[in-house]
Amino acid sequence: MEQRPQALARAVEGDADSFSRLIEPLLDPAYRLAAVMLADRSAAEDAVQEASIKAWRRLKQLRGDATSLRPWFLSIVANECRMYRRTRWWNVIKLAEVRAPETEARESHTDLHRALLRLSPDECMPLVLHFYLDLPLDEVAKALGVSASAAKSRIYRAAKRLRGDLTMEEVF
Amino acid sequence: MSPNEDFRRELNNVFDEVTGSPSPALRDRVRSAITEAPAERSTYWIAAVAACLITALIVGILYVNNPFRRPVPVGPGPTPSPIVSPSPEVSPTPSLPPFICSADTVQPGQQSHPPTAYISGVRHAQQVGYDRLVIDFSNGTSEKGVELIPQTGTSFDGAPSGQPTVTKGTNGIKVIIRDADMHTSYDGSRDIVTGYATLVEIKQIEDFEATVALGLGVNGPACYRAFYLTGPDRFVIDVQAAS
């Protein structure tokens, strides 16, 4: 099997197949991030597809080695989600329509779920990266485009909004 | 189970509930989208080139129309010269005469001329390759034209007092406007130090018996080009910068 650095080098040279192979393992985490940020599964798949194309076009801008690919790609996905929400303003209506009945209908929703629905997409992002996708702190920081200590504090702040009595030790 | 693990497990359950799983077709969608993407790369390249060309075109139009290079209406002289509207660039500039370094009298056009032309403003501006002086008239230009006399040094004779008028600079251009006055419509400075590299000072030598003389203090050779513009009536002197 082709090694990741070699595949990356070939992709940078314009080999679409190599890039597709590199990106494939990242599609699932990318989709999960987008699905939380957009709260719309179909839109999340669209966002991942668009982000993949953008990543392919901007691959030469990737700094670092193959290990930087995941946070870099996830940051593109997050940007795509933000753009999707900004440009498709009617999604706000759509989300409101979808979310409200869902939350009312499903009485099994926990307090945590209800608290999560109150977070903005940008507040959700560090939680998804850290807890759900299990990224190490330095990768979370790269994906957020901030320092490691800033990433840590964003994770903690968002987690505190979900459960007010959490301590730093319980989060990390 | 530690509180951390408990929180993480509960949170991940919520995330699972929100996201579900991606459709099996996502991988193929992405792969085919990437395969088709390179063609669009050239579109972006073309768009970038088009954007550059449009920018160059706009800059060119702005440069030709010259909207940013209006003369500074107020010089740093002892008192400011009055601002007279509009700037010399309002009417299209005719094909400009060449720079010369000898005496010349520039005649106005064939329009009617007042018995005495009233100077209403003296303005100056710095341009690439020359410094510009603009003399505004409020009631039309003098029929007798404007005489320009380059000279070595900056001591100008001809003041009614008999004393020479001295300006800054190394050389000078004496500007004589006959059938004109500089006190009916003009209340600006009669000694303007521009701070420019070439045209360093504009000083009134005389304003007596319908003759106005100005001394231009110049750094470098006293070479110039001069011409009239209309709408409003004004006389322009471009002093050539030393190369």
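From the N terminus on, chain A runs α-α-α-α-α-α-α-α-α-α. That is 10 helices and 0 strands, where helices (H or I, at least four residues) and strands (E, at least two) are DSSP runs numbered from the N terminus.

Before going further, the conventions. This is a predicted model, in which local features need pLDDT of at least 70 and side-chain atom pairs count only at pLDDT 80 or more, while totals for chains, interfaces and linings use all residues. Residues are numbered from 1 along each chain as its sequence is written, and chains are lettered from A and ligands numbered from 1 in the order in which they are written.

Chain A has 172 residues, and 41% of them are buried. Buried here is 20 or more other C-beta atoms within 10 Å of the residue's own, exposed is 12 or fewer, and partly exposed is in between, with C-beta atoms placed from the backbone. Of the contacts in chain A between residues at least 6 apart in sequence, 60% join residues at least 24 apart; a contact is two C-beta atoms, placed from the backbone, within 7 Å.

Now one helix pair. The axes of α8 (residues 137–144) and α9 (residues 148–162) of chain A come within 8 Å and cross at roughly 90°. Axes are lines fitted to C-alpha atoms, for helices over the stretch in contact, with angles from 0 to 180 degrees between N-to-C directions. α8(A) and α9(A) are therefore roughly perpendicular to each other, a label that covers 65 to 115 degrees. On α8(A) the contact uses A:L137, A:D138, A:V140, A:A141 and A:L144, and on α9(A) it uses A:A148, A:A151, A:K152, A:R154 and A:I155. By class that is 7 nonpolar, no polar and 3 charged residues, counting Ala, Val, Leu, Ile, Met, Phe, Trp, Tyr, Cys and Pro as nonpolar, Asp, Glu, Lys and Arg as charged, and the others, Gly among them, as polar.

Next, the interface. 32 residues of chain A are in contact with 26 residues of chain B. Which helix gives the largest share of the chain A side? α2(A) does, with 11 residues. The chain A side divides into 19 nonpolar, 5 polar and 8 charged residues.

Last, some backbone details in chain B. B:E209 has a positive phi near 50° and sits in the loop between β10 (199–208) and β11 (211–218). B:E209 is exposed, with 8 other C-beta atoms within 10 Å. B:A210, found in the loop between β10 and β11, has phi near 60° and is partly exposed, with 15 such atoms.

Notes: Parallel < 35°, antiparallel > 145°, perpendicular 65-115°, else oblique.
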